[in-house]
Amino acid sequence: MVIDFSNNRFFREIPETLGELHSLIILNLSHNCLTGPIPSSLGDLSKLESLDLSSNKLHGIIPPELKILGFLPVLNLSRNDLVGPIPQGKQFDTFTNDSYLGNWGLCGLPLSKSCDNDEESLTTIDPEDDGELNWKFSILMGYGSGLVFGLSMGYIVFTTGKPRWLVKIIERVQQRFIKWYTSELFG
């Protein structure tokens, strides 16, 4: 199910009832005049694969309930008035700066602007304490091990032939993208 109400003159707040549309896959409310905080009920949209709320007048924090969305490859919250730390974990670790451009009050990864809480916690870490790892080092270790594992698995998969389960996954994602793309072009 797709809802694309982009490029309209909608104003007021996003209704909480959108969270009841459990079959929703794509939600595009970009380029409107929507105000208010982002409803936390959007975290109930477990099938959501694309959320675009860019170019509105939304304010407040990004609800931590959005971290519940297990498969959200597309997120665009740019050009709003959002503030506070960007949620960390799950899909939020995969989004780039482009997802948050124009929200001068946002802080935390992937943005270069760190949050005040992060700066305080970094100053309280004792570099002599061997029991605590620096959070930057932890992130690098995670990315490094993930890269090595991913490259190893890719090498094994492609040298032994294409496994059927991988082909099915890629075909499903490709079909969903084609449906979404054609609906955007001709919808």
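Start by selecting helix α3, residues 164-186. This helix gives the largest share of the lining of the largest pocket, eight residues. Helices here are DSSP runs of H or I with at least four residues, strands are runs of E with at least two, and both are numbered from the N terminus.

Before going on, note what is on screen. This is a predicted model, where local features need pLDDT of at least 70, side-chain atom pairs count only at pLDDT 80 or more, and totals for chains, interfaces and linings use all residues. Residues are numbered from 1 along each chain as its sequence is written, and side-chain values use heavy atoms, with hydrogens and water left out.

**Stop 1: the pocket**

The largest pocket has a volume of about 360 Å³. Now select Ile 26, Glu 49, Arg 176, Phe 177 and Trp 180: of the 17 lining residues, these are the closest to the pocket's centre. Colour the lining by type.

Some terms need their cut-offs. On a 1 Å grid over the protein atoms alone, a pocket is an open set of points where a 1.4 Å probe fits, with protein on both sides within 12 Å along at least five of seven lines; lining residues have an atom within 4 Å of a point. Grid points are joined across faces, edges and corners, and the volume is the space filled by probe spheres set on the points.

**Stop 2: Glu 49**

Zoom in on Glu 49, in the loop between β4 and β5. Is Glu 49 buried or exposed? Glu 49 counts as buried because its relative accessible area is 13%, and buried means under 20% (1.4 Å probe, protein chains only). Show what surrounds Glu 49. Leaving out residues up to four places away in sequence, Glu 49 touches Ile 25, Phe 71, Leu 72, Pro 73, Val 74 and Arg 176. Contact means heavy atoms within 4.5 Å.

**Stop 3: the whole chain**

Zoom out and switch to cartoon view. The chain has three helices and nine strands. Along the sequence the pattern is β-β-β-β-β-β-β-β-β-α-α-α. Of the 187 residues, 32% are buried.

**Stop 4: the sheet of four strands**

Select β1, β3, β5 and β7. In that order, these four strands form an open sheet with parallel pairing. The edge strands are β1 (2-4) and β7 (74-76), each pairing on one side only. The twist averages 10 degrees from one strand to the next; axes are lines fitted to C-alpha atoms, for helices over the stretch in contact, and angles run from 0 to 180 degrees between N-to-C directions.

Two strands pair if DSSP finds at least two bridges between them.

**Stop 5**

Next, select β2, β4, β6, β8 and β9. They form an open sheet in that order, again with parallel pairing. Here the edge strands are β2 (11-13) and β9. Neighbouring strands are turned by 25 degrees against each other on average, direction ignored.

Walk across the sheet, pair by pair:

- β4 (residues 33-36) and β6 (residues 57-60) pair over two bridges. The bridge partner of Gly 36 is Leu 58 in β6.
- β6 and β8 (residues 81-85) are joined by two bridges. His 59 stands opposite Asp 81 in β8.
- β8 and β9 (residues 105-107) pair over three bridges. Pro 85 has Cys 107 in β9 as its bridge partner.

**Stop 5: Ser 78**

Finish in the loop between β7 and β8, at Ser 78. Why does Ser 78 count as buried? Ser 78 is buried because its relative accessible area is 1%. Leaving aside neighbours within four places in sequence, the contacts of Ser 78 include Ser 54, Ser 55, Asp 98 and Tyr 100. Last, draw a distance line from Ser 78 to Ser 30. These residues are 48 apart along the chain, and their C-alpha atoms are separated by 9.4 Å.

Note on methods: Buried < 20%, exposed > 50% of the residue type's maximum accessible area, 1.4 Å probe, protein only.
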